[in-house]
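The sequence and structure are shown first.

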Amino acid sequence: MNEWQKKSPLDWETYVNKRVKVAADEKNEYEGWVLTIDPVSASIVLANFPENEPASIVVVLGHAIQEIDVVQDADDETKARLSRMFEPEESKAYSPEQLDRRKNDLKNWLETNHIPVTEQGESGRTLCVAGVLTIDPPYGPEQCSCSNEIILSRVQGLVQSHLEKQQ
């Protein structure tokens with residue numbers, strides 16, 4: 001086990017949203033913005049934003065990492081770009097304010113109808129209904145996720161009727 005793999009997730013977290021240079025096995029070098037680090041394998045996910053090209057993602061496996069150097073901290077624009085990398089296309093059609101309004105409208109409507117709902121995640125963007133179903137941005141029926149098909153179907157119907165009443 002190398003030094004990188006011996007670090008704790010709290011140590012790894014300090015690398016997120018930073019531009020780093022990674023020296024790996026066989027003299028390979030990688031550079032990019034740290035998007036996330038897998039706490040099980042210690043693999044690091046690097047993102048790059050080449051000009052006039054789509055963003056690129058590189059995964060460097062944890063066991064191959066020899067050394068990692070921080071090159072630069074991300075500014076607010078880069079942090080926002082990194083956090084939006086894996087957002088569904090349909091949520092990009094809405095501004096952050098519109099998404100917030102859609103979330104709050106749906107949450108208030110569910111609460112008014114005595115359906116227990118909480119916000120989840122570090123940014124509170126995901127709604128959790130009765131502890132078993134989640135609704136991600138942009139908060140439509142297609143963004144509902146649940147292992148119980150009956151609950152999923154019923155909540156999707158409720159969300160759909162709520163959206164139809166708003167239009």
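The model is predicted. It holds one cavity of 30 Å³ or more, and the space in the largest cavity comes to about 40 Å³.

Lining this largest cavity are Arg102, Asp105, Leu106, Pro138, Tyr139, His162, Leu163 and Gln166. By class, the lining comprises four nonpolar, two polar and two charged residues. Two helices, H5 (96–112) and H6 (149–166), each contribute at least two residues to the lining of the largest cavity.

## The largest pocket

The volume of the largest pocket is about 760 Å³. Its lining is made up of 22 residues. Those that lie nearest the centre of the pocket are Val16, Leu35, Leu82, Ser83 and Glu122.

Eleven nonpolar residues belong to the lining of the largest pocket, together with five polar and six charged ones. At least two lining residues come from each of helix H2 (9–13), strand E2 (29–37) and helix H3 (76–83).

Note on methods. Residues are numbered from 1 along each chain as its sequence is written. This is a predicted model: local features need pLDDT of at least 70, side-chain atom pairs count only at pLDDT 80 or more; totals for chains, interfaces and linings use all residues. Side-chain values use heavy atoms; hydrogens and water are left out. On a 1 Å grid over the protein atoms alone, a cavity is a set of points where a 1.4 Å probe fits but cannot get out, and a pocket is an open set with protein on both sides within 12 Å along at least five of seven lines; lining residues have an atom within 4 Å of a point. Grid points are joined across faces, edges and corners, and a volume is the space filled by probe spheres set on the points. Helices (H or I, at least four residues) and strands (E, at least two) are DSSP runs, numbered from the N terminus. Ala, Val, Leu, Ile, Met, Phe, Trp, Tyr, Cys and Pro count as nonpolar, Asp, Glu, Lys and Arg as charged, and the others, Gly among them, as polar.
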